[in-house]
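Subject: Handing over the structure

Dear colleague,

I am passing this structure on to you, and below it you will find my notes on what was found. Please read them with the structure open beside you.

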Amino acid sequence: ELLAPLHGSSHAVRDPAIYFDSFLCVLNHAVYGLETGSPYCSRIPEVIEVIDKIEPVVATYRPVFCHNDMAHANIMLDCDDRLWLIDWDFGGFSHPMRDIAELCAYAVSDEALDRFVIERSLGRIDDATMTQRLREHRAFKLASYLRQFTWAILQTCEGSRTDEDAAHSMTRNFAEGSVDASYEGFLELTWGRYRNLWQSCHDDY
């Protein structure tokens, strides 16, 4: 309900806006990690290989205006029970399923929830369409995890945020108590989530 009006109001954008390519973003981060000699360079070839496999499954689409950073910390509930999206740094045009998939990625959703979210977004669809939409949805979830992973690489190289920022965010936003409250901890958390999803669906790509 929160995203539908946003995606449906793209025609209201009058000024130039960015186009956010989920897959290119990951690749750019990955290349930067290689160029800076990140200690995580050994994982980057896998990142690039997976992006090359999942991007082609996305069918032709009409871009819509998206938030592009659907971390649950960017969704706020006010005193009147109204939901607000904050932190619009990445706001711009992208795939209409991108926001939905990233929201599900942060929630570590299972297939049942993925199917529910897709139907709420697109309405009732036949089995063949659902199969294709699930492939696209998971591709964007995988890209979300890999973007989080490669973004954390940038922060460990020369990020502008402090270790205290990372500790605060990890403690406030993630329930996994065994994860270190640092950018390295966030990096390992997102890598683990990516690997779990990829192992369950790699045959689809």
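The helices (H or I, at least four residues) and strands (E, at least two) are DSSP runs, numbered from the N terminus. This is a predicted model, in which local features need pLDDT of at least 70 and side-chain atom pairs count only at pLDDT 80 or more, while totals for chains, interfaces and linings use all residues. Residues are numbered from 1 along each chain as its sequence is written, and side-chain values use heavy atoms, with hydrogens and water left out.

Helices H2 and H6

The axes of H2 and H6 come within 9 Å and cross at roughly 30°, where an axis is a line fitted to C-alpha atoms, for helices over the stretch in contact, and the angle runs from 0 to 180 degrees between N-to-C directions. The two helices H2 and H6 are therefore roughly parallel, given that angles under 35 degrees count as roughly parallel, over 145 as roughly antiparallel, 65 to 115 as roughly perpendicular and the rest as oblique. Their crossing is left-handed, a term used if the near helix is turned anticlockwise from the far one by less than a right angle, with right-handed used if clockwise. On the H2 side the contact includes Phe 23, Cys 25, Val 26 and His 29, and on the H6 side it includes Phe 140, Leu 146, Arg 147 and Glu 158. Sorted by class, this contact of H2 with H6 has twelve nonpolar, four polar and two charged residues; here Ala, Val, Leu, Ile, Met, Phe, Trp, Tyr, Cys and Pro count as nonpolar, Asp, Glu, Lys and Arg as charged, and the others, Gly among them, as polar.

Helix H3 and its two partners

H3 packs with helix H6 (residues 127-158) at an angle of about 155°, their axes being 11 Å apart, and H3 and H6 are therefore roughly antiparallel to each other. H3 passes H6 in a left-handed crossing. In this contact Ile 44, Val 47, Val 50, Ile 51 and Ile 54 of H3 meet residues of H6 that include Ala 139, Leu 142, Phe 149 and Thr 150. The contact of H3 with H6 is made up of eleven nonpolar residues, one polar and no charged.

With helix H8 (residues 183-201), helix H3 (residues 44-54) packs at an angle of about 45°, with the axes 13 Å apart, and H3 and H8 are therefore oblique to each other. This crossing, too, is a left-handed one, with H3 passing H8. The residues in contact are Glu 46, Val 47, Val 50, Lys 53 and Ile 54 of H3, together with Trp 191, Tyr 194, Arg 195 and Trp 198 of H8. By class, the contact of H3 with H8 has six nonpolar, no polar and three charged residues.

Single residues

Is Lys 141 buried or exposed? Lys 141, which has its place in helix H6, is buried, with a relative accessible area of 2%; buried means under 20% relative accessible area, exposed over 50%, and partly exposed in between (1.4 Å probe, protein chains only). Leaving out residues up to four places away in sequence, Lys 141 touches Ala 101, Cys 104, Ala 105, Ser 109, Asp 114 and Leu 197.

Ile 18, in the loop between helix H1 (3-8) and helix H2 (22-35), counts as partly exposed at 42% relative accessibility. Apart from its neighbours within four places in sequence, Ile 18 is in contact with Phe 90, Gly 91, Gly 92 and Phe 93.

Cysteines

How many disulfides does a search of the whole structure find? The search finds zero, a disulfide being a pair of cysteine sulfur atoms within 2.5 Å. The sulfur of Cys 66 is 14 Å from the closest cysteine sulfur, in Cys 25, which is too far for a bond. Cys 66 is buried at 0% relative accessibility, while Cys 79 is exposed at 81%.

Notes: Contact means heavy atoms within 4.5 Å.
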